[in-house]
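Here is a short briefing on one protein model for a reader who has not seen it before. Please look over the sequence and the structure before reading on.

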Amino acid sequence: AHSDCLPSSSVHCTVAPLVRFEGIEFSHHRRIGKNLYRAHGHNLSYPRDLQTNAFIERMRNPITGKDIAVPPTVLLEDPGMLYSPAGKRPLDRKSQEFTPRFSVFRIEADQVKVEEIRVPPDNWVTPFIESSHTWSPREAFDNPAVTRLPMETAGIYVFPFPRWLEMGDVKGHMVGYWSGRKLEGVHQLPAEFYERTESWRPELLRVDMTKFET
């Protein structure tokens, strides 16, 4: 996290590591037309201490010095997304306009990589910037018999301070970095993560398929 400033500003700037989140992005994709797909899902992550890696519920804000609560991050407000060659369209968008994906496919040794920016839902807080890349083995990518590619991913996103950080009137942004991979199912989740979710919010271990009925 950092507080905003300009080189010519008298405002004190602080950059500090905060917390590590361990989580899942869980989604389902359904073909609803020629070259048109609908996706919906949710995100869930739990905070871990940067030093001990233990799950935590509170931490010291290194910028303000205050003891603050750090809740799990549960994102259920995503309205869903349409994907087509024209780009992406969040389902909460009033117009029928698709936003170009700005994707680049490239071959790097034995991997096929995709670099792109994210198109957030129209109701998300701004400014929000996300850039990522995903990659799969080229052998699998070129094989038409493979309909579910193995995949790994990494990226970065920037967004204004969340409420739980309790920054008051101090302006600034959080920078998040992530890496991960596609799982075959929830049975591959780390046992501690799975057990925590099963006892707290078991419905988040599956996609809400009723979303696709509307």
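The model is predicted, so local features need pLDDT of at least 70 and side-chain atom pairs count only at pLDDT 80 or more, while totals for chains, interfaces and linings use all residues. Residues are numbered from 1 along each chain as its sequence is written, and side-chain values use heavy atoms, with hydrogens and water left out.

**Whole protein**

- The protein has 2 helices and 13 strands; helices (H or I, at least four residues) and strands (E, at least two) are DSSP runs, numbered from the N terminus.
- The C-alpha trace spans about 55 × 45 × 45 Å along its principal axes.
- Of the 214 residues in the protein, 31% are buried. Buried means under 20% relative accessible area, exposed means over 50%, and partly exposed lies in between (1.4 Å probe, protein chains only).
- The accessible surface comes to about 13800 Å², and carbon and sulfur atoms hold 53% of that surface. Accessible areas come from the Shrake-Rupley method with a 1.4 Å probe, and for residues only the protein chains shown count as cover.
- Among contacts with a separation of 6 or more, 51% join residues 24 or more positions apart; contact means heavy atoms within 4.5 Å.
- There are 27 positive and 28 negative charges, and their mean positions are 4 Å apart. Lys and Arg count as positive and Asp and Glu as negative, while His and the chain ends are not counted. The place of a charge is taken as NZ of Lys, CZ of Arg, CG of Asp or CD of Glu.

**Two residues of strand β3**

- Arg-38 is in strand β3, which covers residues 36–48. Arg-38 counts as buried because its relative accessibility is 12%.
- The side chain of Arg-38 comes to 2.8 Å from the backbone oxygen of Lys-211. A polar contact is a pair of N or O atoms within 3.5 Å; within protein, one must be able to donate a hydrogen and the other to accept it, and residues adjacent in sequence count only if both atoms are side-chain atoms.
- Beyond its neighbours within four places in sequence, Arg-38 touches several residues, including His-28, Met-81, Leu-91, Lys-211 and Phe-212.
- Ser-45 is also in strand β3, and its relative accessibility of 13% is why Ser-45 counts as buried.
- With neighbours within four places in sequence left aside, Ser-45 is in contact with Phe-21, Glu-22, Gly-23, Pro-72 and Thr-73.

**Aromatic rings**

- Rings of Phe, Tyr and Trp (its six-membered ring) pair if their centres lie within 6.5 Å; planes under 30 degrees apart count as stacked, over 60 as edge-to-face and the rest as tilted.
- By this rule there are 8 aromatic pairs.
- Phe-21 is partly exposed because its relative accessible area is 28%, whereas Trp-164 counts as buried at 17% relative accessibility.
- Tyr-46, Phe-55, Phe-193 and Trp-200 are linked into a cluster by ring pairs.

**Strand β12 and a distance**

- Glu-152 is in strand β12 (residues 152–160) and counts as partly exposed at 41% relative accessibility.
- Glu-152 is in contact with His-133, Thr-134, Trp-135, Gly-180 and Arg-181, its neighbours within four places in sequence being left aside.
- Glu-152 and Trp-164 are 12 residues apart in sequence, with 30 Å between their C-alpha atoms.

**Loop residues**

- Ala-109 is not a glycine but has a positive phi of about 55°. Ala-109 lies in the loop between β9 (104–108) and β10 (111–117) and is exposed, with a relative accessible area of 69%.
- Glu-166, also not a glycine, has a positive phi of about 50°. Glu-166 is in the loop between β12 and β13 and counts as partly exposed at 37% relative accessibility.
- Asp-92 is in the loop between β8 (87–90) and β9 and is partly exposed, with a relative accessible area of 27%.
- Asp-92 and Trp-135 are 43 residues apart along the chain, and their C-alpha atoms are separated by 29 Å.
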